[in-house]
Amino acid sequence: MRRIRARTALATLALTALTAATATACAFPLRDLGPIPPRFSGPPLPRETVVSEMTSILAAEGITVEREPSGVLGRCHERLSGHHAQETVDAALKAAFARARSDYGWQDGPDLGERALTLTKGNWTVTSGLLGEPISGLPVPVIMSLTCVDGDDTATAPTAPSAPALAPAPAPASP
């Protein structure tokens with residue numbers, strides 16, 4: 001009986017020590033660091049400004065793109081697409097992204113691999129893919145995706161029709 005009590009006391013002591021060590025070790029990572037910083041710096045950019053900048057940057061490098069209609073409500077998303085000569089499309093895209101950084105203040109975006117180019121500015125991220133090895137002499141599609149983060153997209157989202165105002169019912173006529 002004494003052995004069982006001794007083992008129970010020893011197990012309780014070990015469990016208490018383990019709990020104290022865990023609480024001490026986790027106290028630092030669980031401390032309050034204050035509010036979460038915004039996911040972008042600077043003022044939010046309007047969608048028209050971003051689309052206009054990227055269209056003119058690509059045009060300066062010989063890539064003509066058209067804006068595709070955005071079918072996603074409630075999200076800031078735009079897509080520019082066009083075609084370019086296969087032999088020079090990668091060089092033109094790299095030059096366009098370099099122009100965006102140097103002339104328009106865009107910054108390098110998150111690394112998505114060696115076949116993807118990304119830029120960020122304000123609340124927007126721009127992504128485009130590189131072709132790699134040319135296969136034939138046909139023009140290839142160029143697609144640029146523009147995505148907004150933490151932005152207010154109400155300026156371009158369709159609004160719901162307002163409900164008709166209810167007029168009070170006429171008072172019954174007295175006899």
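At 1.5 Å a residue, the 16 residues of α3 should span 22 Å, and the end C-alpha atoms of α3 lie 21 Å apart, which agrees. The expected span of a helix is taken as 1.5 Å times one less than its number of residues. The structure is a predicted model, in which local features need pLDDT of at least 70 and side-chain atom pairs count only at pLDDT 80 or more, whereas totals for chains, interfaces and linings use all residues. Residues are numbered from 1 along each chain as its sequence is written, and side-chain values use heavy atoms, with hydrogens and water left out.

The protein has three helices and six strands, arranged from the N terminus in the order α-α-β-β-α-β-β-β-β. Helices (H or I, at least four residues) and strands (E, at least two) are DSSP runs, numbered from the N terminus.

The six strands form an open sheet in the order β1-β2-β6-β5-β4-β3, with antiparallel pairing. The edge strands, β1 (64-68) and β3 (107-108), each pair on one side only. Two strands are considered paired if DSSP finds at least two bridges between them. Strands β3 and β4 are joined by two bridges, and Gln107 has Thr120 in β4 as its bridge partner. Six bridges connect β4 and β5, with Leu117 opposite Ser128 in β5. These two strands, β4 and β5, form a hairpin with two residues between them, and Gly122 in the turn has a positive phi of about 60°. Strand β5 (residues 124-129) also pairs with β6 (residues 140-148), over five bridges in the antiparallel sense; here Ser128 stands opposite Met144 in β6.

Two helices lie across this sheet. Helix α2 (residues 47-60) lies across β1, β2, β4 (116-121), β5 and β6, and runs at about 15° to β2. Helix α3 lies across β2, β3, β4, β5 and β6, at about 15° to β4. Axes are lines fitted to C-alpha atoms, for helices over the stretch in contact, and angles run from 0 to 180 degrees between N-to-C directions. In α3, Val89, Asp90, Ala92, Leu93, Ala96, Phe97 and Ala100 are buried. The buried residues of α3 pack against α2, β2, β4, β5 and β6, where contact denotes heavy atoms within 4.5 Å. Leaving aside neighbours within four places in sequence, Leu93 is in contact with Leu58, Ile63, Leu117, Ser128, Gly129, Leu130 and Val142. Just after α3, Gly105 takes a positive phi of about 80°.

The largest nonpolar core comprises 26 residues, and Met54, Leu93, Trp106 and Val126 have the most contacts inside it. Elements α2, α3, β4, β5 and β6 each supply at least two residues of this core, and the largest share, six residues, comes from α3. A nonpolar core is a set of buried Ala, Val, Leu, Ile, Met, Phe, Trp, Tyr and Cys residues joined through side-chain atoms within 4.5 Å.

Gln86 is located in the loop between β2 (77-84) and α3 (89-104). Gln86 is buried, with a relative accessible area of 7%. Gln86 and Glu133 are 47 residues apart in sequence and 9.0 Å apart in space, C-alpha to C-alpha.

Terms used
Buried < 20%, exposed > 50% of the residue type's maximum accessible area, 1.4 Å probe, protein only.
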